[in-house]
Amino acid sequence: MASRIEDAIAHGGRLVAESGTGTGKTFAYLVPALLSGRKTLISTGTRHLQDQLYRRDLPVVLEALQVPVTTALLKGRSNYLCLHRLERLEADGVGYRLAGQLAGVRNWSQRTRTGDIAELGELPEDAEVWPLVTSTTDNCLGSKCGSYTDCHVLRARREALAADLVVVNHHLFFADLALREEGFGSLLPGAEAVIFDEAHQLPEIASLFFSQSLTSTQLRGLARDARLEHVREQSGIEALLPACDRMDKAVSDVRLAFGDDPRRAAWAALDGSTEFRAAWTTLNEGLRHLCAVLEQAAPRGEGLASCARRASSVLDCLLKIGATASMEIVTWFETSTRGFGIYLTPLDTATPFRARLEAETRAWVFTSATLSVSGRFDHFQAQLGLEDADTGIWESPFDYAGQSLLYLPTGLPEPASPDYVAAVVDCACEVIQASRGRAFVLFTSHRALRQAASLLAGRVPYPLLVQGQAPRGQLLARFRELGNAVLLGTGSFWEGVDVRGETLSCVIIDKLPFASPDDPVFQARAVAMEESGGSPFMDFQLPTAVLALKQGAGRLIRDTTDRGVLVLCDPRLLGKGYGRAFLASLPPMPRTRDMAEVAAFFGKADVPTLLAEV
């Protein structure tokens, strides 16, 4: 694999490389990158993986190779302390609830060199103080900031420009592409080679960053910052505070008009709602009014001028949402308990991504453990316009025949049955008794997870950890600490989770992870596929679900000494013809339909009698 990557870097080629768990793909791309003499950009899936790559794996390879290569870690600006906003927050004061967090940030700010908020481990990533002491593209004052010369973001970018190898994440990479498209220049240094790790995430992230969005968070943040700047810069514009209040109320009214339940649907689904149209018109009028007032206030201070520019940009997006529908763009919305987002997403992300690849001559490498379906890369390549790329598969070196067992239970109803979740829970209880806890139970929906959590309570004598009870990191730490726990999770636990050893000896998956056919983006793309003679199910739904299942199944065997059972409950695996595509894409695991063999695998003579349901 390293040899193929070396060749791609040397000749400016494109390589799509699937590498099974345990292959050592990180070393396989780091070694040729460091030896190439080329300026290299490595992009990975998350900030956590960025830190792991930069602080754990990269130093090991650098020490082994002894090459004079300079390296840098670069994250998005919201990951760095903003000295200006910290100073302003301290001047404005905070309530008792945030005082302790702010004091911790102030003490750390005096000793940090990078300003990377990940350094301050005492505060969680979602601490309330972080958005108040970090900046965004919207509220950054740029060269007009009083702390510009000491800016941590600028220092990190300068170091990245000077380094031979830079580690970023996918969101930062695509944010840079979006900024370049708008003519604001490049955040990221020009590189002769780009390597994407966890490349299976790219199609979804590309779709996100080629979209335009308007969210309740943006709108409320604009009103909040306008109020603060009005006070700080003494605007003297009496109409400004009422305009901000009007905006806040209009945003709340729009959220109410969407309906109580969280929802995801096409924008056209709201056409028949007179209540929503009235609320949307009021928001439009309120935003126009705020724009006009901020334009009047802008000369009074740079903070107010920044708010005026933001308001104008947000209004432009709002007007596009209400414009005539386009055949190339799908407009849709998503609501949460308290907020909403409205998006304009292009149906085709392959064409713009391919155009960016071809705009500059450089090597492109895409690698992950899950890129192929039944040994083919067609689906991944088509989504990113990589049809002409070279491909390669390197299988996992783990002994799946000796280390694992695939259990396909019998007697389960069809997944559409109202009794399906209860039947999955019954099956899971039996397996969990045999495995003595030490299990992940992964679900394809939050609704199924909540129902299963209720049904499982009291039925197994092992600690039950449920997604949503605590942040993901805390749940995983607790799972490792307990050693016999059962963790119930949805999407975020299907990938990027690495639990090695006996602590995780069983992964149970409730059903095949098909995307919802009601998803508005999928629906629009399905229509386009059908019109061009394609099959939405075979060309998109099926391969996407296969890759998702591979990710979930990949949680089980993470090391040469791991042993475990993978339980796939969905009867469609054997009952439908397309089930073969899923089974063909899994590691070569021995297969059984006999619960006694599962018990024997875990070293039990028989299956213990289940506890009575409490």
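## Basis of the report

Two strands are said to pair if DSSP finds at least two bridges between them. Strands themselves are DSSP runs of E with at least two residues, while helices are runs of H or I with at least four residues, and both are numbered from the N terminus.

The model is predicted, so local features need pLDDT of at least 70 and side-chain atom pairs count only at pLDDT 80 or more, whereas totals for chains, interfaces and linings use all residues. Residues are numbered from 1 along each chain as its sequence is written, and side-chain values use heavy atoms, with hydrogens and water left out.

## The four-stranded sheet

An open sheet is built from four strands in the order β6-β9-β8-β7, and the pairing is antiparallel. Its edge strands, β6 (212-215) and β7 (264-266), each pair on one side only. On average, neighbouring strands are turned by 20 degrees against each other, direction ignored; axes here are lines fitted to C-alpha atoms, for helices over the stretch in contact, and angles run from 0 to 180 degrees between N-to-C directions.

Strand β7 is joined to β8 (residues 329-335) by three bridges, and the two run antiparallel. Ala-266 has Trp-332 in β8 as its bridge partner.

Thr-335 also lies in β8. This residue is buried, with a relative accessible area of 6%; buried means under 20% relative accessible area, exposed over 50%, and partly exposed in between (1.4 Å probe, protein chains only). Leaving aside neighbours within four places in sequence, Thr-335 is in contact with Arg-255, Phe-258, Asp-261, Pro-262, Arg-263 and Phe-340, where contact means heavy atoms within 4.5 Å.

## Helices across the sheet

Helix α10 (residues 216-232) lies across β6 and β9 (340-346) and runs at about 60 degrees to β6. Helix α20 lies across β7, β8 and β9, running at about 160 degrees to β8.

## Helices α20 and α21

Helix α20 (residues 520-531) packs with helix α21 (residues 536-553) at an angle of about 145 degrees, and their axes are 9 Å apart. On the α20 side the contact involves Phe-522, Ala-526, Met-529 and Glu-530, which meet Pro-536, Asp-539, Phe-540 and Gln-541 in α21. These residues divide into five nonpolar, one polar and two charged; Ala, Val, Leu, Ile, Met, Phe, Trp, Tyr, Cys and Pro count as nonpolar, Asp, Glu, Lys and Arg as charged, and the others, Gly among them, as polar.

Helix α21 has 18 residues and reaches 25 Å from its first C-alpha to its last, close to the expected 26 Å; the expected span is 1.5 Å times one less than the number of residues. The helix bends by about 25 degrees at Leu-542, and Pro-543 follows within four residues. The bend is the angle between axes fitted to the seven residues ending at a residue and the seven starting there. Because 13 of its 18 residues are buried, α21 is largely enclosed by the rest of the structure.

## Residues in loops

Asn-79 is placed in the loop between β3 (71-73) and α4 (83-92), and counts as buried at 6% relative accessibility. Apart from neighbours within four places in sequence, Asn-79 is in contact with Arg-47, Gly-115, Asp-116 and Ile-117.

Most residues other than glycine have a negative phi. Gln-66, in the loop between α3 (47-65) and β3, has a positive phi of about 55 degrees although it is not a glycine. Gln-66 counts as exposed at 57% relative accessibility. Gln-234, in the loop between α10 and α11 (240-258), has a positive phi of about 45 degrees and counts as exposed at 68% relative accessibility.
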